[in-house]
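Look at the charged side chains first.

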Amino acid sequence: MPADRPPITEKLTPGGRSLPPDKPLAHRTRSNHARLGEFFRARREQTRPEDVGLPVSPRRRTPGLRREEVAVLANVGVSWYTWLEQGRAIGASEEILDAISTALQLSPEDRAYVMLLASGRRPVSDAGGGSPRSVGWRDTGAGGLEGTQLALLQQLVDAMENPSYIADPFWAVVVMNTAAADTFDTRVGESCLQRFFTDPELAKPHVHKEMMARSMVAQFRAQSAKFPDDPRFDAMARGLCSVSDAFRELWERQVVGDSYHVDVVYDHPLLGRLSFAPMVLGVPQFPALRLFTYLPKSGTGTQSALVSLERKAVV
């Protein structure tokens with residue numbers, strides 16, 4: 001494993017070169033109130049009147065629902081709902097947020113995201129009783145882990161036969177096993193999210209590119225809500241929006257989710273088509289980290305293909 005790793009927020013061009021650094025990040029963190037307002041506005045504009053039982057007029061100019069219509073459906077004041085979309089700190093109760101979520105027909109994952117933004121909750125502390133600050137991502141990224149901790153995480157992924165790696169909230173890989181490197185060209189210290197949206201050759205083998213892209217952006221947004229005071233999420237999103245139309249469209253649509261919603265189907269240059277059921281698991285000792293493991297789908301020949309690849313590597 002290389003000792004020196006690139007910064008986890010380094011942005012890459014399609015050719016793999018670093019993008020110019022952003023302006024200083026101080027005072028760039030947007031409040032969760034602003035994020036919540038943006039989320040509600042985007043979802044309101046994506047909700048069609050007929051989806052919620054409202055009549056459709058040919059003279060209608062507003063995309064999606066009007067604010068007044070959401071307010072009526074949620075049984076809240078129009079001015080109050082307008083302030084909420086504007087990002088004002090008006091102290092919305094869980095009951096009101098749930099009513100608005102119902103009016104906008106939000107999914108369970110959307111609702112969890114709303115409640116997380118509204119609560120301003122930080123990641124939970126580790127089992128040893130450390131404070132949330134002591135186990136935040138700044139301390140559990142590759143640069144903040146001690147050698148013994150990294151060794152244990154490496155041992156964990158090495159014990160898995162299927163492609164597996166552990167990444168920080170920016171999807172920068174902390175440790176990985178050989179199967180991940182050989183199958184997906186995973187690289188320690190580099191962000192899978194950035195590479196997917198900036199390197200066409202990396203994304204090309206994915207059969208379901210659009211669904212993969214949506215799932216990855218959704219997970220990144222869900223992660224950003226867990227670290228509301230960290231400006232690097234916004235900085236990374238701005239950087240990717242500037243170089244990737246696909247990322248920008250998904251980011252502006254406010255897609256959110258905690259895990260994959262689609263199987264990973266991948267055309268490997270040597271092994272042919274591989275199919276995996278991806279799983280994303282937490283790492284209890286390091287709440288900012290996630291374990292990504294890809295389980296071969298039965299009946300697809302993926303397991304035997306991985307075994308043949310492992311044998312070739314040994315030889």
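Buried means under 20% relative accessible area, exposed over 50%, and partly exposed in between, computed with a 1.4 Å probe on protein chains only. By that scale R195 is buried, at 5% relative accessibility.

The model is predicted: local features need pLDDT of at least 70, side-chain atom pairs count only at pLDDT 80 or more, and totals for chains, interfaces and linings use all residues. Residues are numbered from 1 along each chain as its sequence is written, and side-chain values use heavy atoms, with hydrogens and water left out.

A salt bridge is a side-chain nitrogen of Lys or Arg within 4 Å of a carboxyl oxygen of Asp or Glu. This rule gives 16 salt bridges. Three of these pairs are tabulated here.

| Pair | Closest N to O distance |
|---|---|
| R43 and D110 | 2.7 Å |
| E190 and R195 | 3.6 Å |

What do the salt bridges that share partners join into one network? They link D185, R187, E190 and R195. E190 is partly exposed, with a relative accessible area of 23%. R187 is partly exposed too, at 36%. R195, by contrast, counts as buried.

Now the pair R43 and D110, joined by a salt bridge. R43 sits in helix 1 (residues 32-46) and D110 in helix 5 (residues 108-119), so their contact ties together parts 67 residues apart in sequence. Helices here are DSSP runs of H or I with at least four residues, numbered from the N terminus. Both R43 and D110 are buried.

Notes
Helices (H or I, at least four residues) and strands (E, at least two) are DSSP runs, numbered from the N terminus.
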